Amino acid sequence: MRVLIPKEETAIIDDPSLTHRPELKYKDLINENSQKKFRNYEDNLQTLNVMNTYQQMHANQTVAFGIEKRKKWLKFDHAEMTILEAVNLLDNLVDSSDPDIDLPNSMHAFQTAEKIREIHPDKDWFQLTGLIHDLGKVMALWGEPQWCVVGDTFPVGCQFQPTCVFYKYFEENPDWNHPEYSTPNGIYKENCGLDQVMMSWGHDEYLYQVLKHNKATLPEEALNMIRYHSFYPYHASDSYKNLCNEKDALMLPWIQEFNLFDLYTKSDKLLDPKALQPYYQSLVDKYIPGFLKW
């Protein structure tokens, strides 16, 4: 077994998407107290760090960059480890920009999974999805810059949409004035389906590709949740529907359902991962067993 561990004890992951997402659709899906507790924009104003993260992201996430990162990461030669070993690596990840809680990502993984388990006790695949959805962030422990690991995702190769947070920084992107990439459909056919669209590179796409490469047997709903849970311009603001097909329409409610657990399960109440691991190991054995190539 070959596992690459982080060189530093802790990587501070500055995920600006946690405080600057235009999720207007969700305001009527959660209660008023939760909205005040987790999404108080007045108390979570943008910082220079947040702006710099998105500036780098929007200036550098081009078609050419996406191709380059896929060549690098989709060789799956960075590590061989099990799912729970990857979860444990997230002990080394702390989202310093998270306004709700200052705990390792591994705790967020278990909090998300356990809340899904409470509400959907009959859907073990959904529970496992909650546990693993952020595992792509291990790229940050292996030297990838934060702006292409965390944050909101968006398609490249077509026109950037104003519903993307910090939209103005796209003007610095080399693809901004590209004759084809700057059109609504860009290099894609109308209603081609999101699986035909190149998304900006980040932890969503990486984990999705890892699962596909290692022949995970999670259902399509789970794979779509993982691949598009950071695609806020789509599932929160209805943008990019011109690229979607009937399958995407069927998957969208599942992505939106997952998003509620992802955002609104954070708590200062600590869980006991060691006590929970045997249950989730059984789910891993069912859907994603053994050592995976990362």
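## Burial of Asp 152

A residue is called buried when its relative accessible area is under 20%, exposed when that area is over 50%, and partly exposed in between, with a 1.4 Å probe and protein chains only. By this criterion Asp 152, with a relative accessible area of 5%, is buried. Asp 152 has its place in the loop between α6 (124–132) and α7 (203–213), where helices are DSSP runs of H or I with at least four residues, numbered from the N terminus. Between Asp 152 and Met 57 the C-alpha to C-alpha distance is 9.5 Å, although 95 residues separate them in sequence.

## Basis of the model

The model is predicted, so that local features need pLDDT of at least 70 and side-chain atom pairs count only at pLDDT 80 or more, whereas totals for chains, interfaces and linings use all residues. Residues are numbered from 1 along each chain as its sequence is written, and side-chain values use heavy atoms, with hydrogens and water left out.

## Salt bridges

The structure holds 11 salt bridges, each defined by a side-chain nitrogen of Lys or Arg within 4 Å of a carboxyl oxygen of Asp or Glu. One of them joins the side chains of Lys 69 and Glu 144 at 2.7 Å, N to O. This pair links distant parts of the chain, since Lys 69 lies in helix α3 (residues 63–73) and Glu 144 in the loop between α6 and α7, 75 residues apart. Lys 69 is buried, with a relative accessible area of 9%, and Glu 144 is buried as well, at 4%. Lys 69, Lys 72 and Glu 144 are linked in a network of salt bridges.

Another salt bridge brings together the side chains of Lys 247 and Glu 220, at 3.1 Å from N to O. Here too distant parts of the chain are linked, with Lys 247 in helix α10 (residues 246–264) and Glu 220 in helix α8 (residues 220–228), 27 residues apart. Lys 247 is partly exposed, with a relative accessible area of 35%, and Glu 220 is likewise partly exposed, at 35%.

## Contact of α5 with α11

The axes of helix α5 (residues 105–119) and helix α11 (residues 273–287) come within 12 Å and cross at roughly 55°, the axes being lines fitted to C-alpha atoms over the stretch in contact and the angles running from 0 to 180 degrees between N-to-C directions. Met 107, Phe 110, Ala 113, Glu 114 and Arg 117 in α5 meet Pro 273, Leu 276, Gln 277, Tyr 279 and Tyr 280 in α11, contact meaning heavy atoms within 4.5 Å.

Conventions
Helices (H or I, at least four residues) and strands (E, at least two) are DSSP runs, numbered from the N terminus.
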